[in-house]
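Let's walk through this structure together, one neighbourhood at a time. Keep the sequence and the 3D view side by side as you read.

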Amino acid sequence: MDDPYDVDRRDFLKTGATAAAATAVGCGGPTGRWRALTEDEAKILAAACDQIVPPDQDPGAAQAGAVAFIDRQLATRLKDRLEVYQRGLRALDAMARRRHGKPFTDVPFDAQTALLQDVEKGQVEGTDWSGVQPAAFFGLVLDHTMMAFYGDPRHGGNRGRVSWKMLGVPDPPIRGRLHEAPARPAVAPLPPPSAAPGKG
Amino acid sequence: MALPRVNAVVVGSGAGGGVTACVLAEAGLSVVMLERGRWHSPFEERKDDLVNQRNSSLGVAYGPDEDKNPRVFVDLEGRARIVRPREGEYSANAACVGGGTVSYGGQAWRFMPQDFRMRSLYGAVAHSTLEDWPLSYDDLEPYYERVEYELGVSGDVEPNPFKGPRRKPLPMPPMSPTREHEILEPAALRLGLHPFDLPLLINSVPRSGRSACMRVRWCVGFGCETGAKNGTHNTVIPRALATGNCHLRTRCVAKQVLVDGHGRATGVAYFDENDRLREQPADLVVVSGGATESARLLLLSKGRLFPGGIGNRYDWVGRNLQGHTYTGAVGFFEQETYDDVGPGACIAICDYNHGNPGLAGGGMLANDFIRLPYQFVRENPPGTPRWGRAHKDFMRRYYRRSILVFGPTQEIPVWDARVQLDPEVKDHWGIPVLRLSGGKHAQSIEIGNHQARKAAEWLREAGASLVVERKAGPGLSGHQHQAGTCRMGNDPRTSVVDRDCRVHDMANVFVVDASVHVTNGGFNPVLTIMANAFRASEGIVKAWRGGGLRG
């Protein structure tokens, strides 16, 4: 059954665009389809998630439902992290406006990367990040995005098992093998790596 | 409200308690087994990769209850904080019928003869409580065999020249080799090592009315949906219940062992599934809650004669907490290594358990058990990006082209690695919770790092183009291999229980789980817990028949 909190990227951007005009970042409670986040928070988060696992020949984190996953956790198991997310997303957006004169979501991809690299290292200026540790916030987004992208779809992420397909993990991975002489699954040819570890 | 008296109360239904309840019930004693968790059926197994005992990012699957069972963890800087079961610092062990044996990987290791005499072998180690067991390997050998045959172990340990003497081979053959096995075995042989099919408490052939392993790759951390994994929940506990002598009460949380004014236990107070306080009178009490909870129950059981808890006259209860220092290496290959054939760990070496120059011990090395995609995210080589395009390329390139070799280092026990009762924090039932503190001995770290180098050598020989060692951290060890907190010994001043697992100074209280391990071997400890439980409970039956335990 479809998860009502899952949206695909196109729906998501559409919703985000209409809601953006109406809602100021960080104000008010959850809106629209989200349980914990506002539409604008969700939009910034989607952009950050796509930095962690960017779309390329395989889907990125946002398309895989990372925001749905994180929103659901922030409304339930990880309720105690909601405030860090709210403050962190607001701070990230403020940092983008300070450095680039526009919201984080409007900053070009590579410049978003540079912003998040600084957040990861805690290299921030001004009062944007008062009340929230940038590196700690980044660590949460990083970890939760990975959970969302690589974890079981039942939690709202990894829509269509995109990461498992990408890794060549048989779909679904949870099932038995015949006992003796296991039939080796056909080994799918891997795409040529575009970078080796160590070469970024 | 007091219930009708029984012969024995066993607190906990894991590896130790399950075996003990079975032996006592089959010998004709009336037994009540208290378990704080519930039954988990193979049919409800859903293998959630974010909620299980191996990766509990979003919770634990087999208990303890996340909201009702906090603990306090004190880090190496002395900062205390409340932790929940899903957090690593909690040192959770599954809380359900069968305990950790429902979801374990089932590695079925006998300790080596040397593991029982670490102090004699290596001498005193500074800042350590390293000691010999009051038992030898030979004392346990017949009971190891009982576990292997009565619960069911597969594998082929004959090629392992370092094993202790054994009378019989394992009852089930090993499973057919996986691709990792085929890559690692010739490399080990070229290095002059002695690889073999490691022992597993998993059916490789149909046995005892249950099926053979279906070779699911997601095994450790999860229950088995076909019942091919042998835990106490599907072997000795059903046997105990079949006698009609054993009553298992689930969702029951022990509060304390009740003690009279003469140093005898009279039963156990516990909260039942409706949170009502009950008293179960008994002639004898067996504490089998795992090394953290067993120590807690002893500390909670205060009386006029035992102001610091039973067995704690010399302040040894809760000390020497040790699990295993896990170290090893990740090898990245140019060839495919992953075939998605489970159950996981299949090939091991014991070449580095002892005899490492200048080091007090060592540990077994084996290919790692499981590869959850989310957990592999963190295996990127140091200095490479953790996220972004490079991360995704790393995952695509290496998830199926890598092998992890890891192993448990036998730890050098330390006095200050411990659990105590927290003075403030209480659980759902108002019972003081555990406070964990301390760290590892410097030697444990040194030995662990030696093991990592050996794992790396093996992987390089196997053709890995890049190898990254995973070294030891200084933090407290415990987790699912938790042990040591109620040490077994002949001297009441330096131990908690005697060699019969009877609490010193207490006529009728026994601790039967890994709490009594003096040292924890360079191996997964469950076979030793079960073997010792067979041995200790035979002793209890003998003492019972002699009349010494009747109240």
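In strand β9 of chain B, the residue that bridges to B:Val257 is B:Val268. Helices and strands here are DSSP runs, numbered from the N terminus (H or I of at least four residues for helices, E of at least two for strands). This is a predicted model, in which local features need pLDDT of at least 70 and side-chain atom pairs count only at pLDDT 80 or more, while totals for chains, interfaces and linings use all residues. Residues are numbered from 1 along each chain as its sequence is written, and chains are lettered from A and ligands numbered from 1 in the order in which they are written.

Stay with that pair of strands for a moment. β8 (residues 253-259) and β9 (residues 265-271) of chain B run antiparallel and are joined by six bridges; two strands are said to pair if DSSP finds at least two bridges between them. Together β8(B) and β9(B) make a hairpin with five residues between them, and B:Gly263 in the turn has a positive phi of about 80 degrees. Strand β8(B) is mostly covered, with six of its seven residues buried. Buried means that 20 or more other C-beta atoms lie within 10 Å of the residue's own; exposed means 12 or fewer, partly exposed is in between, and the C-beta atoms are placed from the backbone.

Next, find the open sheet of four strands in chain B, ordered β4-β3-β16-β15 with mixed pairing. β4 (80-83) and β15 (418-426) of chain B are at the edges with a single partner strand each, so one side of each has no neighbour in the sheet. From one strand to the next, the twist averages 35 degrees. Strands of a sheet pair through backbone hydrogen bonds, either parallel or antiparallel. Here β3 (residues 71-74) and β16 (residues 432-437) of chain B run parallel, joined by two bridges, and B:Val72 has B:Arg435 as its bridge partner in β16(B). Across β15 and β16 of chain B lies helix α6 (residues 290-300), running at about 65 degrees to β15(B). For such angles, axes are lines fitted to C-alpha atoms, for helices over the stretch in contact, and the angles run from 0 to 180 degrees between N-to-C directions.

How is chain B divided? Its two parts are domain 1 (1-41 + 56-104 + 109-148 + 231-323 + 413-440 + 475-551) and domain 2 (153-230 + 325-409 + 441-474), with bounds that come from an automatic or database domain assignment. The C-alpha centres of domain 1 and domain 2 of chain B lie 29 Å apart. Their contact takes 31 residues from domain 1 of chain B and 35 residues from domain 2 of chain B, where contact means C-beta atoms, placed from the backbone, within 7 Å. On the side of domain 1 of chain B that touches domain 2 of chain B, the elements giving two or more residues are α2 (118-122) and α3 (137-152) of chain B, and α3(B) gives the most, with four residues.

Now look at the largest nonpolar core. Of its 218 residues, B:Val31 and B:Met530 touch the most other members. A nonpolar core is a set of buried Ala, Val, Leu, Ile, Met, Phe, Trp, Tyr and Cys residues joined through C-beta atoms within 7 Å. Helix α10 (residues 526-545) of chain B gives the most to this core, with 10 residues. Both domain 1 and domain 2 of chain B give residues to this core, so it lies between them. Not counting residues up to four places away in sequence, B:Met530 touches B:Ala15, B:Val19, B:Val147 and B:Leu151.

In the loop between β18 (509-511) and α10 of chain B sits B:Val516. B:Val516 counts as buried because it has 31 C-beta neighbours inside 10 Å.

Finally, turn to chain A, which has seven helices and zero strands. Of its 200 residues, 42% count as buried. One to pick out is A:Pro54, in the loop between α2 (39-52) and α3 (66-75) of chain A. A:Pro54 is buried, with 20 other C-beta atoms within 10 Å. Leaving aside residues up to four places away in sequence, A:Pro54 touches A:Gly60, B:Gly388, B:Arg389 and B:Lys392.

Note on methods
Contact = placed C-beta atoms within 7 Å.
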